[in-house]
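Subject: Handover of a structure and notes on its contents

Dear colleague,

Please find below the structure that I am handing over to you. My notes follow it, and I would ask you to read them with the model open.

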Amino acid sequence: MTPPPRRNGPPFPVARKSLGQHFLIDPNIVRKIVRLAELQPGETVLEIGPGRGILTEALLEASGLVVAIELDPALCDYLRTTLGSRPNLKLVEADALHYEYDQIPGPMLVVANLPYYVSTPILFRLLKERQRVMRMVLMLQEEVAIRLAASAGGKDYSVLSVAAQFSCEVRMGFKVAPSCFRPRPRVGSAVVVLTPLPKPRVSVPDEAFFFKVVRSGFAHRRKAVLNSLRDEGFEGARVAAALKKTNLDPRRRAETFTLSDFADLTVALQ
Ligand code: SAM
């Protein structure tokens, strides 16, 4: 499809759905995102996937430096033409899945309408950077946003919920209808705010081992934690002993385990 001409500027490059290109067209949504970010002049913002720059432009107005990472070379050319003269924009043509975020001077905020096809791996990468991040305001597929905020006991509770809530306060912002984008996505969207906590919600001696236990527990969702961990290579007797020691019913599934339950089990297993 031929991209529509723009009234003031070069034509938009063709949208590539394979890169999750669903561009915001509603300025009200942009304003609401920027308001949630509570940006202060002088602050540094990381934007992943600036696209045609609708959010970037608002972020440039509200902050000190905007580091915008875009994978699509055609969109990077477009942004160089339209926003290249803005002194506080650092446009990086790179893949957000591989970019080394420690190059960006912290502390920073992350404000982005993420490409949905890679939103989960990007989220995990951002959570690793949490010590230098003041706040993340992210537009996500609604289903992912719900998983981030889900409590133990429901079908939406997952590894992502545990990972986000382990180190952040997660707050639902607002829902966004497909009609606010072009091309329209097939799924609903939502904006969430993740605020990194000064220290993780539960204390574990070895974070990597904690997440190994969590992942293994959820690997076979329909099975009891004991069986799921065993299927993932943990010695059954050791897991049974750790569950007994911590008074956790071995028949329970991972989706019923709170963060403290996972932390207790991890410590007992270690
Ligand atoms: N921020 C724009 C907006 O709100 O209209 C565009 C958002 S669009 C949902 C996602 C953007 O991420 C697209 O511009 C796409 O090219 C870019 N993108 C996709 N995969 C990427 C990756 N791995 N690294 C960096 N950018 C990526």
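I begin with Pro183, which lies in the loop between strand 8 (181-182) and strand 9. Helices and strands here are DSSP runs (H or I of at least four residues for helices, E of at least two for strands), numbered from the N terminus. The peptide bond from Arg182 to Pro183 is cis, with omega near -15 degrees.

Before going further, please note that this is a predicted model, in which local features need pLDDT of at least 70 and side-chain atom pairs count only at pLDDT 80 or more, while totals for chains, interfaces and linings use all residues. Residues are numbered from 1 along each chain as its sequence is written, and side-chain values use heavy atoms, with hydrogens and water left out.

Pro107 belongs to the loop between strand 4 (89-93) and strand 5 (108-113). These bonds deserve a look because most peptide bonds are trans, and most residues other than glycine have a negative phi.

Glu38, in the loop between helix 1 (27-37) and strand 2 (44-48), has a phi near 50 degrees, a positive value in a residue other than glycine. Asn247, in the loop between helix 9 (236-245) and helix 10, has a positive phi of about 60 degrees. Glu38 is partly exposed, with a relative accessible area of 46%, whereas Asn247 is exposed at 71%. In these terms, buried means under 20% relative accessible area, exposed over 50%, and partly exposed in between, with a 1.4 Å probe and protein chains only.

As for the whole protein chain, ten helices and nine strands are present. Its C-alpha trace spans about 70 × 40 × 30 Å along the principal axes. Of its 270 residues, 50% count as buried.

Which residues come nearest to the ligand? Of the 23 residues around the ligand, they are Leu24, Gly49, Glu70, Asp95 and Asn113; a residue counts as near if one of its heavy atoms lies within 4 Å. By class, this shell has 13 nonpolar, six polar and four charged residues. Ala, Val, Leu, Ile, Met, Phe, Trp, Tyr, Cys and Pro count as nonpolar, Asp, Glu, Lys and Arg as charged, and the others, Gly among them, as polar.

A polar backbone atom of Leu24 is 2.8 Å from an oxygen atom of the ligand. For Gly49, a polar backbone atom is 2.7 Å from a nitrogen atom of the ligand. A polar side-chain atom of Asp95 lies 2.8 Å from a nitrogen atom of the ligand. Taken alone the ligand exposes 590 Å², and the protein buries 99% of that, by the Shrake-Rupley method with a 1.4 Å probe. Strand 1 (23-24) and strand 3 (65-70) are the elements that give two or more residues to the shell.

Two further residues complete these notes. Thr266, in helix 10 (residues 259-269), is buried, with a relative accessible area of 0%. A polar atom of the Thr266 side chain lies 2.6 Å from the backbone oxygen of Phe262. Lys199, by contrast, is exposed, with a relative accessible area of 65%, and lies in the loop between strand 9 (189-196) and helix 7 (207-218).

Yours sincerely

Notes: Polar contact = N/O pair within 3.5 Å; in protein donor to acceptor, adjacent residues only side chain to side chain.
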